[in-house]
Amino acid sequence: MSPELSAPGISKEDQERLVQSGINLSMENRCGSYLQMNQDVVHAECHQEGIEVLSYKKAMEKYNWLKEYNWKAVDKDKDEITKYVAAQNDPKGYVIIAHKGSNNILPIQACLYLGRETIQHVHNIIIAEEGAELHIISGCTSGGHVGQGAAHYGVSEFYIKKNAKISFTMIHTWTENIEVFPRSASIVEENGVFLSNYVCMQPVKKVQMYPTATLKGENSVARFSTITIASPTSYIDTGSRAILEGKGSSAELITRAITKGGTIISRGQIIGKTAGTRGHLECKGLILKDGIIYAIPEIDGRVVGTELSHEAAVGKLAQEEIEYLMARGLSEDEATATIIRGFLDIKIAGLPDALQKQIDATIDVAEKAGF
Amino acid sequence: MQTSTYTDAVNRMLDIEDLHVNIGDKEVLHDINLHIDAGETHVLMGPNGSGKTTLLMTLMGFSNYTITRGKITYNGVDVTAMHADERSKRGMGMLFQRPPTISGLKLGKLLTAISHDKTVDIPELAKSVHMGGFLERDINKGFSGGEIKRSEVLQLMIQNPDFVMLDEPESGVDLENISLIGTVIGSLLEKEKRIGKRSKSGLVITHTGFILDYIDADKGHVMCDGMIKCHGNPREILKDIKQRGYKECLECRQS
């Protein structure tokens with residue numbers, strides 16, 4: 001039996017938001033946990049053999065070789081955010097290592113809770129060694145009371161070794177005063193698979209991120225799936241980038257974006273540097289109330305034998321579809337929510353059931369509230 | 001000029017009086033008068049583009065069809081200004097000829113939404129119309145003609161409307177499936193009950209008349225150029241059209 005995760009000082013209402021972010025305080029269906037409140041690491045452990053969940057500080061003390069992975073995927077001088085995180089005397093964050101051949105069916109949960117007007121900084125390093133399979137759900141949330149000036153700076157570096165796989169599902173359930181600046185990059189080696197899923201259904205002041213996967217190894221695969229809803233005061237600037245270097249590597253970048261009056265910048269870039277590579281980028285946007293969905297899909301092919309494609313569409317709900325459902329007895333609101341729910345429904349190949357269910361459940365909560 | 005021949009309003013289900021309908025600025029239906037009693041099934045025929053589907057969509061309450069004049073009374077209630085969901089809740093239902101594809105919306109989920117609080121065994125019902133394997137498919141996405149029709153009748157089976165509008169239920173359907181769909185439609189219209197015991201009514205658009213083998217059609221109407229031009233026995237009208245075409249139909253020719 002896993003012990004309960006204690007989250008001292010988190011109100012019932014905030015715990016509810018944690019649950020929406022996929023964090024399970026009872027640890028049911030989770031094989032390990034990392035919990036950071038503001039700047040305090042409250043919890044870091046894992047019960048799965050072969051997988052370690054450590055605080056950044058402990059991990060650096062324990063494994064000297066981790067230096068080889070520190071600021072290697074992400075450039076510490078990239079921008080103000082990375083510089084800020086790199087300049088910390090007492091860095092926070094987690095290191096998750098799936099040792100050679102290990103496998104977790106139940107995901108590890110990483111919870112980052114922001115409870116006051118401060119900059120929460122984390123530096124995470126996630127490594128799946130040869131043949132390992134690692135599934136992580138990262139739930140980020142903040143206290144309902146937190147005012148202006150609260151921000152989250154998160155650097156994450158992923159290393160997916162030969163024949164290894166990492167799925168990283170990040171569910172943001174922030175509140176409307178929070179600014180969020182994740183900076184993440186991954187390096188995928190031969191036959192490695194990296195799945196990155198991002199869900200943001202609740203109001204947030206600002207999100208800005210552009211995670212990059214470099215597919216170095218032959219036949220490596222990256223799949224980014226992004227589902228965002230922008231509330232009237234939200235500014236969400238997200239993207240994903242795949243650099244196809246290894247022969248036979250492939251990437252798929254899928255986005256569903258809805259604005260209810262806020263701004264969504266949906267970026268995407270696939271760079272095909274090697275023959276025999278394939279990439280596809282898809283962004284579908286729905287404008288429910290006047291707002292902005294600005295899609296910038298870029299495909300950048302540099303050699304004969306790379307095949308890249310993109311499709312982007314921004315539109316409105318089709319009246320014909322709404323009325324079709326109304327003719328079946330659904331009210332206009334029910335029909336609208338049902339169609340939006342369908343729009344957001346993307347099934348992610350290779351994702352464990354528990355995580356797909358969590359993504360679905362997070363969207364269901366938004367559906368129940370009428371989006 | 002034909003005036004209403006119905007005097008007994010006790011079992012009147014649908015009354016369409018002097019109905020004029022616009023799509024955009026253009027009037028597409030002119031002076032439609034139609035009366036359907038409870039237990040009756042009527043057949044609507046007419047050349048392509050004559051306004052048959054427009055009439056059904058208007059009756060169902062689609063907002064693209066603007067009623068500029070006239071009145072629709074359903075079970076004694078004026079539904080002219082009601083939205084589609086209100087009409088549906090009052091018992092009106094429709095089989096669409098070309099329903100929209102809705103990405104991500106699974107047929108099974110739609111059926112659950114349609115069933116509301118009713119207890120229905122959705123997988124079992126789906127199996128009965130050979131749609132068991134479609135519950136996890138996006139509604140109408142990549143469905144063949146026959147699959148669309150089976151999905152439509154499946155939705156109607158759960159909805160179980162009192163007044164069923166059917167827009168070409170046999171179009172695009174192979175013979176084997178016509179029998180399956182026809183049988184379900186027959187039971188939606190209570191064909192198994194004796195005439196006089198039936199309470200459900202129907203309005204069916206057909207070109208081929210195949211569906212007439214599965215329902216008891218009481219009356220037929222022919223539409224031309226947005227008007228109902230003649231009434232009569234549905235099989236006789238069909239025979240006439242088959243032999244001579246709509247062009248020979250005296251009333252249609254006059255327009």
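This note goes through a sheet, a strand, a core and a chain contact in a predicted model.

1. Conventions. Residues are numbered from 1 along each chain as its sequence is written, and chains are lettered from A in the order in which they are written. In this predicted model, local features need pLDDT of at least 70, side-chain atom pairs count only at pLDDT 80 or more, and totals for chains, interfaces and linings use all residues.

2. The sheet of chain B. Six strands make an open, mixed sheet, ordered E6-E9-E10-E3-E11-E12. Strands here are DSSP runs (E, at least two residues), helices likewise (H or I, at least four), numbered from the N terminus. Two strands pair if DSSP finds at least two bridges between them. E6 (92-95) and E12 (227-232) of chain B are the edges, each pairing on one side only. From one strand to the next, the twist averages 20°.

3. Inside that sheet. E3 (41-45) and E10 (201-205) of chain B are parallel, with four bridges. B:Thr41 sits opposite B:Gly202 of E10(B).

4. A helix across it. H1 (52-60) of chain B lies across E3, E6, E9, E10 and E11 of chain B, at about 145° to E9(B). Axes are lines fitted to C-alpha atoms, for helices over the stretch in contact; angles run from 0 to 180 degrees between N-to-C directions. Contact means C-beta atoms, placed from the backbone, within 7 Å.

5. Strand E14 of chain A. All ten residues of E14(A), 221-230, are buried (20 or more other C-beta atoms within 10 Å of a residue's own, with C-beta atoms placed from the backbone). A:Arg223 and A:Ile227 are among those pointing one way, while A:Phe224 and A:Thr228 are among those pointing the other. Side chains of a regular strand alternate between the two faces of the sheet.

6. Its partners. E11(A), 193-200, pairs parallel with E14(A) over eight bridges; A:Tyr198 faces A:Thr226 there. E16(A), 250-259, is also parallel to E14(A), through ten bridges. A:Thr228 has A:Ala257 as its bridge partner in E16(A).

7. The core. The largest nonpolar core has 175 residues; A:Ile96 and B:Ile185 touch the most other members. Such a core is a set of buried Ala, Val, Leu, Ile, Met, Phe, Trp, Tyr and Cys residues joined through C-beta atoms within 7 Å. Beyond four places in sequence, the contacts of B:Ile185 include B:Val153, B:Leu166 and B:Tyr214.

8. The chain contact. Chain A and chain B each give 20 residues. On the side of chain A, H5(A) gives the most, with seven residues.

Definitions and conventions
Two residues are in contact if their C-beta atoms, placed from the backbone, lie within 7 Å. A residue is buried if 20 or more other C-beta atoms lie within 10 Å of its own, exposed if 12 or fewer, and partly exposed in between; C-beta atoms are placed from the backbone.
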